Amino acid sequence: MNSTDSEANFEKIRIELMEVTSEPEVLNLIEKSYWLQRHHINRRAGGIHPILNNWPALKSPTPFQAHSSKLLGKDVRKTWADSSNRFLILYNYLSDYAITTKQTSSNMELLTSLNKVRNEAEEAAQSMESQRPLVIAAFLMLIIFMKEDSDCLLKQVDPGTNLDEIKTSAEVDRPLLIVRGRSLFDPNCECFVACEGEILISTKDLVEAIKLHFLSFYNFNFHYPEKGRKFLEYIQRGIFKINPEAARRGAKEKRRVGFDPLVRKTIMNLDKFYQRTKNIHVVNSWSAL
C-alpha cells in the first residue's frame with residue numbers, strides 16, 4: 001500500500017470519484033478508495049477543509065455512511081434503524097424518571113428541565129400524530145440526564161439563518177449539530193453537522209442528523225468534547241455497541257478508556273426498565289416514526 005504505484009492508482013480513483021454522479025458508481029468508488037480516504041484523514045496536519053475538498057462525496061449521507069460502515073465493521077444504517085424501538089424505550093425510561101423521582105433541592109432543576117422537554121414532545125407528537133418528537137426528545141432528555149453542556153453538542157437557529165451564518169456559528173474544533181427551524185421539533189427543520197466553519201454534512205431529519213453527528217467523530221478523527229462525552233459514549237456503547245479497549249477518537253497515543261459509570265448505569269437501568277415494562281403499553285399509539 002505504501003508504493004508510489006499504489007498511491008497513484010488510488011489517486012486516479014479519487015479523481016474519478018469527483019466526476020461521477022450515479023450513486024452505485026459513487027459507492028463502488030468509495031469502497032475502492034477507502035484506504036486513501038483513511039490515509040488522508042489519519043495524516044491530516046491541518047483543518048478539515050482539505051479533506052472535504054479532496055473527498056466531496058463524504059459530504060453526502062449515503063457515501064458518508066458507507067465510509068462509516070467500512071470503518072466500524074458494521075452496517076451503521078441498519079444498526080441505527082434496528083434501534084428505533086430502543087429510542088422509544090429510552091424516552092419512556094427518562095419520562096418515568098422525570099415523573100416518579102421525588103423532587104429535592106438538588107434535583108429540582110434536572111427534573112424541571114426533563115419535564116419541560118417531555119411536555120413539548122408530547123404536545124408536538126399529538127399535533128403531528130407521530131412518535132418522531134418522542135424519539136427526538138429521548139436524545140434531548142439524555143443530554144439533560146447526563147448533565148452535559150448541550151451547547152457543545154447542538155444548537156438551534158432561526159429558520160431565516162443563512163448558510164454563511166451557520167458556518168460562522170460552527171467555528172469550533174469538533175462537530176456541532178446545528179438545527180435550522182422554529183424548534184427542535186419542527187418537522188420542516190434542516191440539520192447541519194459542521195465544524196471549523198465548514199458544513200460536513202446535512203439532512204432534513206433530526207434523528208438522522210444525531211446519527212451523522214456521532215459518526216462524524218469517527219469518520220474524521222475528532223475527540224469527543226469533554227462536556228458532551230457521556231452522551232456520545234451512550235450512543236457509542238448503547239446503540240452502536242462500539243466498546244474500544246483504547247483510544248478516544250483522534251487520540252495520537254492509545255490509552256485505556258474506561259466505561260463511564262453513569263453511561264454504564266443508564267444502559268443497565270434501561271435494560272431493567274424494558275424487562276419490567278415490555279408487556280405494558282407505555283407509549284402513545286401514534287404510528288409513524
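Let me start with K155, whose bridge partner in strand β2 is I178. That pair belongs to the join between β1 and β2, which run parallel and are held by four bridges. Please keep in mind that this is a predicted model.

β1 and β2 are part of an open sheet of four strands, in the order β1-β2-β3-β4, with mixed pairing. The edge strands are β1, residues 154-157, and β4, and each of these pairs on one side only. On average, neighbouring strands in this sheet are turned by 25 degrees against each other, if direction is ignored. For anyone new to sheets: the strands of a sheet pair through backbone hydrogen bonds, and the pairing is either parallel or antiparallel.

Now move along the sheet. In what sense do β2 and β3 pair? The answer is antiparallel, over five bridges, with β2 covering residues 176-180. One of the residue pairs here is R180 with E190, where E190 is the partner in β3.

The next step is from β3 to β4. Five bridges join β3 to β4, residues 198-203, and these strands run antiparallel. C191 has T203 in β4 as its bridge partner, and V193 stands opposite I201 in β4. β3 and β4 form a hairpin, with two residues between them. E196 is in that turn, and has a positive phi of about 50 degrees. Please remember E196, as the residue comes back at the end.

How many of the six residues of β3 are buried? Five are, so β3, residues 190-195, is largely enclosed by the rest of the structure.

Let me step back to the whole chain for a moment. The protein has 13 helices and four strands. There are 289 residues, and buried ones make up 51% of them. Take the contacts in the protein with a separation of 6 or more: residues 24 or more positions apart account for 62% of those.

α12 and α13 pack at an angle of about 50 degrees, and their axes are 9 Å apart. That angle makes α12 oblique to α13. α12 passes α13 in a right-handed crossing. On the α12 side, the contact is made by K230, E233, Y234, R237 and G238. On the α13 side, the residues are L262, V263, T266, I267 and L270. By type, the residues of this contact divide into five nonpolar, two polar and three charged.

The other helix is α7, residues 84-100. α7 packs with α13 at an angle of about 95 degrees, with the axes 10 Å apart. Is that oblique or roughly perpendicular? At that angle, α7 is roughly perpendicular to α13. From α7, the residues involved are R86, I89, L90, N92, Y93 and D96. They meet T266, I267, N269, L270, D271, F273, Y274 and R276 in α13. The residues of this contact divide into seven nonpolar, three polar and four charged.

I will finish with two single residues.

P24 lies in helix α2, residues 23-32. P24 has a relative accessibility of 61% and so counts as exposed. The C-alpha atoms of P24 and P63 are separated by 9.8 Å, and these residues are 39 residues apart along the chain.

The other residue is R44, in the loop between α3, residues 34-42, and α4, residues 49-54. R44 is partly exposed, with a relative accessible area of 21%. As for F220, its C-alpha atom and that of R44 are separated by 9.7 Å, with the residues 176 apart along the chain.

Definitions and conventions: Residues numbered from 1 in each chain as written. Predicted model: local features only at pLDDT ≥ 70, side-chain atom pairs only at ≥ 80, totals over all residues. Heavy atoms only, no water. Buried < 20%, exposed > 50% of the residue type's maximum accessible area, 1.4 Å probe, protein only. Pairing = 2+ DSSP bridges. Axes fitted to C-alpha atoms, helices over the stretch in contact; angles between N-to-C directions. Parallel < 35°, antiparallel > 145°, perpendicular 65-115°, else oblique. Left-handed = near helix turned anticlockwise from the far one by under 90°. Contact = heavy atoms within 4.5 Å. Nonpolar A, V, L, I, M, F, W, Y, C, P; charged D, E, K, R; others polar.
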